[in-house]
Amino acid sequence: SHPTRPIVLWCRNLPVAIYSSYGQRENKHRLNRVFLQYFTPDALKPSGKPFELIPPIDGLNNVTGPKKAPKEGPILILASDREGRIYEALFRE
């Protein structure tokens, strides 16, 4: 898979990248996913494996979220597909 342009948030004093990832093309469909990846405090190395926030959906892309992680509660992450449908995930730190 190939990651796309991420958004980055600071959660629990760690940088977190949230991105869509292009999957393999099957017929005329490309099943893409949205992942969350923690990084080390210096933001140079991934910390652990990525966590899937939104499962495979044809044409999923355009991840967005808050400019700043809220002090409390879940973080809402949105993505859309090529038809303009919106998908959401709640991420709890």
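User: Which residues touch the most other members of the largest nonpolar core?

Analyst: This is a predicted model, in which local features need pLDDT of at least 70 and side-chain atom pairs count only at pLDDT 80 or more, while totals for chains, interfaces and linings use all residues. Residues are numbered from 1 along each chain as its sequence is written, and side-chain values use heavy atoms, with hydrogens and water left out. A nonpolar core is a set of buried Ala, Val, Leu, Ile, Met, Phe, Trp, Tyr and Cys residues joined through side-chain atoms within 4.5 Å, where buried means under 20% relative accessible area, exposed over 50% and partly exposed in between, with a 1.4 Å probe and protein chains only. The largest such core holds 19 residues, and those touching the most other members are Ile18, Val34, Leu53 and Ile54.

User: Which elements give two or more residues to this core?

Analyst: Helices (H or I, at least four residues) and strands (E, at least two) are DSSP runs, numbered from the N terminus. In soluble globular proteins, nonpolar side chains tend to be buried together. Here the elements that give two or more residues are S2 (7-11), S3 (14-22), S5 (29-38), S6 (51-58), S8 and S9.

User: Which residues does Leu53 touch, leaving aside those up to four places away in sequence?

Analyst: A contact means heavy atoms within 4.5 Å. Leu53 is one of the residues that touch the most other core members, and, without counting residues up to four places away in sequence, the residues in contact with Leu53 are Ile18, Val34, Phe35, Leu36, Ile77, Ala89 and Phe91.

User: How many helices and how many strands does the chain have?

Analyst: Read from the N terminus on, the elements run β-β-β-β-β-β-β-β-β. The count for the chain is therefore zero helices and nine strands.

User: Which residue in the turn between S2 and S3 has a positive phi?

Analyst: Most residues other than glycine have a negative phi, and most peptide bonds are trans. In the hairpin of S8 and S9, with five residues between the strands, Gly84 takes a positive phi near 90°, and Asn62, in strand S7, has a positive phi of about 55° although it is not a glycine. S2 and S3 form a hairpin with two residues between them, and the residue there with a positive phi of about 55° is Arg12.

User: Is Lys49 buried or exposed?

Analyst: Lys49 lies in the loop between S5 and S6, and its C-alpha atom is separated by 21 Å from that of Ala69, 20 residues apart along the chain. Because its relative accessible area is 77%, Lys49 is exposed.

User: What radius of gyration does the chain have?

Analyst: The radius of gyration is taken over C-alpha atoms, and the globule rule is 2.2 Å times the number of residues to the power 0.38. The C-alpha atoms fill a box of roughly 40 × 25 × 15 Å along the principal axes, and buried residues make up 35% of the 93 residues. A compact globule with 93 residues would have a radius near 12 Å, which agrees with the value for the chain, 13 Å.

Definitions and conventions:
Pairing = 2+ DSSP bridges.
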